[in-house]
Amino acid sequence: MKAIILAAGRGSRLGECTKDRPKCMCAPAGWTLLDRCLDTLELAGVQREEIGIVTGYRSDMFTAEKVTYFHNPDWENTNMFYSLTKAQEWLEREPCLVCYSDIVFAPEAARLLIDCAEPLAVTSYTGYWELWEKRMGNPLEDLETFRASPDGLLLEIGRKPVRREDIQGQFMGLLRFTPESWRWVQETIRRPLPKTVNKLDMTTLLQGILEQGYPILSIPTDSLWLEFDSGQDIEVYQREGLV
């Protein structure tokens with residue numbers, strides 16, 4: 001199983017932490033987010049030689065050995081999906097686990113996707129509400145919809161929620177494609193979407209795939225998951241003893 005880490009962005013909302021380094025080079029508790037991600041993937045059973053990293057901002061700072069590097073030279077004007085397309089040669093050829101580089105997650109979450117037999121699957125974090133209450137006053141202002149059927153098929157993702165019941169989990173920035181589902185992606189982006197391909201974020205893409213009638217499996221987990229989106233997140237996690 002190959003794994004692709006999306007690490008092209010700067011993450012300006014982290015302030016001084018990303019003044020001269022990519023977001024994934026921030027090091028809460030003395031351990032960079034990228035190194036932690038690499039170690040977690042290895043614990044989940046992904047060999048270092050099977051890991052690819054999509055770089056962008058300050059690509060010169062990436063020194064991890066044995067991995068394959070892809071590069072998004074237009075990182076400043078593009079979004080997650082565009083960065084992912086830089087690793088298209090892998091996605092067309094074999095199953096790939098995809099993960100954001102600004103998250104902390106448990107190896108168990110990655111293994112859920114590695115062991116999954118469905119063409120396209122995502123993990124969802126069930127402890128999202130308590131985490132968002134720590135991070136901000138009103139979780140509904142920041143969270144997006146995430147609804148799944150009783151048998152685990154994703155029904156809706158990425159829209160503005162009206163009530164808490166619209167959010168049955170939190171998309172974790174962890175998903176797995178196969179060559180079959182990557183073809184679904186190619187079919188989806190040929191259709192009208194709310195955003196252009198260059199600006200396409202992952203949840204908008206996933207909602208577009210659903211609207212084309214393709215199935216996405218949602219796998220819930222309550223294992224460790226943290227998102228680093230702002231300097232306040234680091235302060236909260238450190239105060240709560242989470243990092």
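At 29% relative accessibility, Asp39 is partly exposed; here buried means under 20% relative accessible area, exposed over 50%, and partly exposed in between (1.4 Å probe, protein chains only). The side chain of Asp39 takes part in a salt bridge with Arg48, with the closest N and O atoms 3.6 Å apart. A salt bridge is counted when a side-chain nitrogen of Lys or Arg is within 4 Å of a carboxyl oxygen of Asp or Glu.

This is a predicted model, in which local features need pLDDT of at least 70 and side-chain atom pairs count only at pLDDT 80 or more, while totals for chains, interfaces and linings use all residues. Residues are numbered from 1 along each chain as its sequence is written, and side-chain values use heavy atoms, with hydrogens and water left out.

## Salt bridges

Side chains of opposite charge can pair when their charged atoms come close. The structure holds 18 salt bridges. Arg48 is buried, at 17% relative accessible area, and besides Asp39 it forms a salt bridge with Glu42, where the closest N and O atoms are 2.9 Å apart. Glu42 is partly exposed at 36% relative accessibility.

| Salt bridge | N to O distance |
|---|---|
| Arg48 and Asp39 | 3.6 Å |
| Arg48 and Glu42 | 2.9 Å |

## Strands and helices

Helices (H or I, at least four residues) and strands (E, at least two) are DSSP runs, numbered from the N terminus. Two strands pair if DSSP finds at least two bridges between them. An open sheet of 7 strands runs in the order β3-β2-β1-β4-β9-β6-β10, and its pairing is mixed. Its edge strands, each pairing on one side only, are β3 (68-71) and β10 (217-221). From one strand to the next, the twist averages 25°. Axes are lines fitted to C-alpha atoms, for helices over the stretch in contact, and angles run from 0 to 180 degrees between N-to-C directions.

Within this sheet, β6 (residues 120-125) and β9 (residues 170-177) pair in the antiparallel sense over 5 bridges. Ala121 has Arg176 in β9 as its bridge partner. Helix α7 (residues 202-211) lies across β1 (2-7), β4 (96-100), β6 and β9, and runs at about 65° to β9. Contact means heavy atoms within 4.5 Å.

Strands β7 (residues 146-148) and β8 (residues 154-157) also pair in the antiparallel sense, over 3 bridges. The bridge partner of Arg147 in β8 is Glu156. These two strands form a hairpin with 5 residues between them, and Gly152 in the turn has a positive phi of about 95°.

## Aromatic rings

The structure holds 11 aromatic pairs. Rings of Phe, Tyr and Trp (its six-membered ring) pair if their centres lie within 6.5 Å; planes under 30 degrees apart count as stacked, over 60 as edge-to-face and the rest as tilted. Tyr128 and Trp129 make an edge-to-face pair, at 6.3 Å centre to centre and 90° between the planes. Tyr128 is buried at 6% relative accessible area, and Trp129 is buried at 12%.

Trp132 and Trp225 are stacked, because their ring centres are 6.1 Å apart and their planes lie at 5°. Trp132 belongs to helix α5 (residues 128-135) and Trp225 to strand β11 (residues 225-227), so this pair ties together parts 93 residues apart in sequence. Both of these tryptophans are buried. Ring pairs also link Phe81, Phe177 and Trp182 into a cluster.

A charge sits over a ring if NZ of Lys or CZ of Arg is within 6 Å of the ring centre and within 35 degrees of the ring normal. Arg135 lies over the face of Trp132, 4.4 Å from the ring centre. Lys2 lies over the face of Trp90, 4.9 Å from the ring centre.

## Positive phi angles

Most residues other than glycine have a negative phi, and most peptide bonds are trans. Ala29, which is not a glycine, has a positive phi of about 65°. Ala29 sits in the loop between β1 and α1 (33-43) and is exposed, at 61% relative accessibility. Arg58 also has a positive phi, of about 50°. Arg58 is in the loop between β2 (51-55) and β3 and is partly exposed at 32% relative accessibility.
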